[in-house]
Amino acid sequence: MEKAFLEAIAPVIEAGLKEDVNTGDLTTDLLIAADTQTTAVFIAKADGIAAGLPVAEAVFRKLDPNVSFEYAVKDGEHVSKGQLMATITGTYRALLTGERLALNFLQRMSGIATATAQYVEAVKNFDTKILDTRKTVPGLRLLDKYAVKAGGGTNHRIGLYDMVMIKDNHISV
């Protein structure tokens, strides 16, 4: 994942952490010593296309810059149920605090990539591309579009600023 993309989605990660963690993970901070280290894994819960691993890594790195994130698969690769996707080593606090946000990104993006791949497969014998849309949840557009590409789809315009597209509303005016 390119540096510019990670910089562009940093506010999304920050907002997710602010929403979920806010001033801290009270339970984890109370029960787990700050320097306690552990290793965790991401395992695929279903067959599909991996997408969002670098986003999950960015969540953990925001909480612990020294976290080790080892990829077993790359975004865009098919995974089978039960397959190891990544191994993460860092402080227990960082891993426990960031797990839900990291998983939410990973699950959403892998779901989009998997659905996209199914549509791409369905039209593979035709001169057809599966395009995405800008009809996304506010703030998540770049993540959704990244996931579409991971699934083999093609990104259409990112926003109103990067392509002319005359629609019926324009014609009726």
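This report walks through a predicted model of one protein chain, from overall layout to single residues.

## Ground rules

Residues are numbered from 1 along each chain as its sequence is written, and side-chain values use heavy atoms, with hydrogens and water left out. Because the model is predicted, local features need pLDDT of at least 70 and side-chain atom pairs count only at pLDDT 80 or more, while totals for chains, interfaces and linings use all residues.

## Overall layout

The chain holds six helices and five strands. Both kinds of element are DSSP runs, numbered from the N terminus: helices are H or I with at least four residues, and strands are E with at least two. Along the sequence the pattern reads α-α-β-β-α-β-β-β-α-α-α. Taken along the principal axes, the C-alpha atoms fill a box of roughly 60 × 40 × 25 Å.

The chain has 173 residues, and 36% of them count as buried. Buried means under 20% relative accessible area, exposed means over 50%, and partly exposed lies in between (1.4 Å probe, protein chains only). Next come contacts, meaning heavy atoms within 4.5 Å. Of the contacts in the chain with a separation of 6 or more, 72% are between residues 24 or more positions apart.

## Helix 3

Helix 3 covers residues 53–63. Its buried residues are Leu53, Pro54, Val55, Ala56, Glu57, Val59 and Phe60.

One of the buried residues is charged: Glu57. Its relative accessible area is 14%. Beyond neighbours within four places in sequence, Glu57 is in contact with Phe69 and Tyr71.

## An aromatic cluster

Which residues do ring pairs link into a cluster? They are Phe42, Phe60, Phe69 and Tyr71. Rings of Phe, Tyr and Trp (its six-membered ring) pair if their centres lie within 6.5 Å; planes under 30 degrees apart count as stacked, over 60 as edge-to-face, and the rest as tilted.

The whole structure has four aromatic pairs. One of them joins Phe42 and Phe60. This pair is tilted, at 6.2 Å centre to centre with 35° between the planes. It links distant parts of the chain: Phe42 sits in strand 1 and Phe60 in helix 3, 18 residues apart. Both phenylalanines are buried.

## The largest pocket

A cavity is a set of points where a 1.4 Å probe fits but cannot get out; a pocket is an open set with protein on both sides within 12 Å along at least five of seven lines. Lining residues have an atom within 4 Å of a point. Points are joined across faces, edges and corners, and a volume is the space filled by probe spheres set on them.

The largest pocket has a volume of about 340 Å³. It is lined by 17 residues, and the closest to its centre are Ile43, Ala44, Lys45, Met85 and Gln107. Helix 4 gives the most to the lining, with six residues. Strand 1 and strand 2 (48–49) each supply at least two. By class, the lining has 10 nonpolar, five polar and two charged residues. Here Ala, Val, Leu, Ile, Met, Phe, Trp, Tyr, Cys and Pro count as nonpolar, Asp, Glu, Lys and Arg as charged, and the others, Gly among them, as polar.

Thr136 lies in the loop between helix 4 and helix 5. Leaving aside neighbours within four places, Thr136 is in contact with Arg141 and Asp144. Its side chain makes a polar contact with the side chain of Arg141 (3.3 Å). A polar contact is a pair of N or O atoms within 3.5 Å; within protein, one must be able to donate a hydrogen and the other to accept it, and residues adjacent in sequence count only if both atoms are side-chain atoms.

Is Asp144 buried or exposed? Asp144, in helix 5, is buried, with a relative accessible area of 6%. Not counting residues up to four places away, Asp144 touches Arg108, Ile112, Thr136 and Val137. Other buried residues of helix 5 include Leu143, Lys145 and Val148.

## Two positive phi angles

Most residues other than glycine have a negative phi. Asn22 has a positive phi of about 50° although it is not a glycine. Asn22 is in the loop between helix 1 and helix 2 (26–31), and is partly exposed at 48%.

Conventions
On a 1 Å grid over the protein atoms alone, a cavity is a set of points where a 1.4 Å probe fits but cannot get out, and a pocket is an open set with protein on both sides within 12 Å along at least five of seven lines; lining residues have an atom within 4 Å of a point.
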